[in-house]
Amino acid sequence: MSEIPKNLVLIVVDSLRQDHVSFYNRGRPTFSNVTPCRTPNIDKFATKSIVFTNAYPSGLPTIPVRTEILTGQFTLPYRPWAPLLPYPKDITVADILRDNGFVCGLISDTYHLFKPGMNFHRSFHEFRWIRGQEYDAYVSSPTRRRVEDYVNENYDEVWRGLVSKYLANTDDFKSVEDYFAMRVVEEAIDWLKRNRVYDRVFLWVDMFDPHEPWDPPPEFDTYTDPDYKGPRLILPMGGIARNWASEEEIRFIRGLYAGEVSFVDYCLGLLFESLEELGYMEDSVIVLTSDHGHPLADHGKFLKGPDRLYNELLKIPFMVYYPGCKHKVVDALIQFPDVLPTVLELLGLGNEAKCMQGRSFLKVLTGEKGELRDSAIMGYHASEDRCIRTKRWSFIHRPEGQIDELYDLENDPKETKNLIDEKSDIAVELASKYGKYFFREAPTLVKGVQGKYEISFRD
């Protein structure tokens, strides 16, 4: 780097699968009967950035992931979905940058961040909450629309109530400008314009879309079958999808998700344009990521869950831009706690990261090093399931009584063939990479079909 960047723009979108970003999927369909999702604006940003193919969360889902990004600390295995702790128990990027003279802004419709006591707005000079996402307690009056048009006969009262809540929150939407992703971007652009007068700024843009419910504006709902006559299933239920949805309905839901991603891409394009026009591309670090992906019944189920530790949940887009960076695609393994130490080093504040568990991957960005980690671990705090990955292999530890899983990610990216018996030595090696502390009930055996294999934990 010739000069130290002055500003930081952190863009987090929720539930964006890596294989729905066309820079990554290269036009290949994720599902045989759904048109590949197109994301021209993210793709354009990617060509200016350093793009990672193996960036992973550790603790899942929404809040633990953001805690890792903001603090540089691992939330797995000890940290559940929980508020930020009072300073200095949790020291965040906003705490650090504010103390170093940055003006800090947060623009978000991720309502979990703003629930009472969560504290994610701490140390921001300005924070804006776009209300009404998902089940935000925004509108108490009943929806003016027919819930029956958005559910099928298998939805019970609980799921019907969730759909009804979202519909009530969005009854007054009339144009693209009313939708959440657009409102987040418009507020972010306004903040960037007004605060350009300062020497150093930090903006965190946290967009809840493309999180479900998947309800893209009509202009972007172009991936669903125009001949489909069933209900508009904007909110898939949990459990085995084929127990409550037909093949046609599953295809329709997948199309809605692609449309939502397409809309998010359009909105991000406006943000990228403004970053260019306002000169932020000349003096800023810009990070674009998602917290996790989203299962679309790839392995039988929609929605996130501790038993769904496959590529569709774990693989996310991750891109870093800074002035003068040389575009490349790297396959180095990184995890979200590594983001803050890297960003601080880019900003000339690397000494602020000395106590963080994450490791800076700046030398990966500059090409001085090719690797950072030899493995990554992922899971939900409250669950026994854990996924341990290298670039090639994915080992999934399952609770007692369930068979563990091992997949060759290079030759089987859809994770269709469990090699736990054929490659038991690899499973044992992966299971041994992390000590007992990382598991709720530490495994002492790799559980295959043909036999049981001892694990030797390492320090």
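This is a predicted model: local features need pLDDT of at least 70, side-chain atom pairs count only at pLDDT 80 or more; totals for chains, interfaces and linings use all residues.

Colleague: How is the packing of helix α6 and helix α7 described?

Modeller: Two packed helices are described by the angle between their axes and by the distance between the axes. Here helix α6 (residues 180-194) packs with helix α7 (residues 247-277) at an angle of about 10°, and the axes are 9 Å apart. Angles under 35 degrees count as roughly parallel, and α6 and α7 are therefore roughly parallel to each other.

Colleague: Which residues of α6 and α7 meet?

Modeller: From α6, the residues are Ala181, Met182, Val185, Ala188, Ile189 and Leu192. In α7 they meet Phe263, Val264, Tyr266, Cys267, Leu268, Leu270, Leu271, Ser274 and Leu275. Of the residues in this contact, 14 are nonpolar, one is polar and none is charged.

Colleague: How many aromatic pairs are there?

Modeller: Ring centres must lie within 6.5 Å to pair, and the count comes to 23 aromatic pairs. One of them joins Phe220 and Tyr266, with 5.2 Å from centre to centre and 45° between the planes, a tilted arrangement. Phe220 belongs to the loop between β7 (201-207) and α7, whereas Tyr266 is in helix α7, so the pair links distant parts of the chain, 46 residues apart.

Colleague: Are Phe220 and Tyr266 buried or partly exposed?

Modeller: Buried means under 20% relative accessible area. Phe220, at 14% relative accessibility, counts as buried, while Tyr266, at 36%, counts as partly exposed. Another pair is Trp244 with Phe302: the ring centres are 6.0 Å apart and the planes are at 50°, so this pair is tilted. Both Trp244 and Phe302 are buried. Ring pairs also link Phe173, Tyr179, Phe180, Phe220, Phe263 and Tyr266 into a cluster.

Colleague: Which charged end sits over the ring of Phe31?

Modeller: That of Arg254, 3.9 Å from the ring centre.

Colleague: Why is helix α3 described as largely enclosed by the rest of the structure?

Modeller: The reason lies in burial: 10 of the 10 residues of helix α3 (residues 62-71) are buried, so the helix is largely enclosed. Among these buried residues are Arg66 and Glu68. The buried residues of α3 pack against β1 (7-13), β4 (59-60), α4 (93-99), β7, β8 and α9 (339-346). After α3 comes Gly72, with a positive phi near 75°.

Conventions
Residues are numbered from 1 along each chain as its sequence is written. Side-chain values use heavy atoms; hydrogens and water are left out. Axes are lines fitted to C-alpha atoms, for helices over the stretch in contact, and angles run from 0 to 180 degrees between N-to-C directions. Helices (H or I, at least four residues) and strands (E, at least two) are DSSP runs, numbered from the N terminus. Angles under 35 degrees count as roughly parallel, over 145 as roughly antiparallel, 65 to 115 as roughly perpendicular and the rest as oblique. Contact means heavy atoms within 4.5 Å. Ala, Val, Leu, Ile, Met, Phe, Trp, Tyr, Cys and Pro count as nonpolar, Asp, Glu, Lys and Arg as charged, and the others, Gly among them, as polar. Rings of Phe, Tyr and Trp (its six-membered ring) pair if their centres lie within 6.5 Å; planes under 30 degrees apart count as stacked, over 60 as edge-to-face and the rest as tilted. Buried means under 20% relative accessible area, exposed over 50%, partly exposed in between (1.4 Å probe, protein chains only). A charge sits over a ring if NZ of Lys or CZ of Arg is within 6 Å of the ring centre and within 35 degrees of the ring normal.
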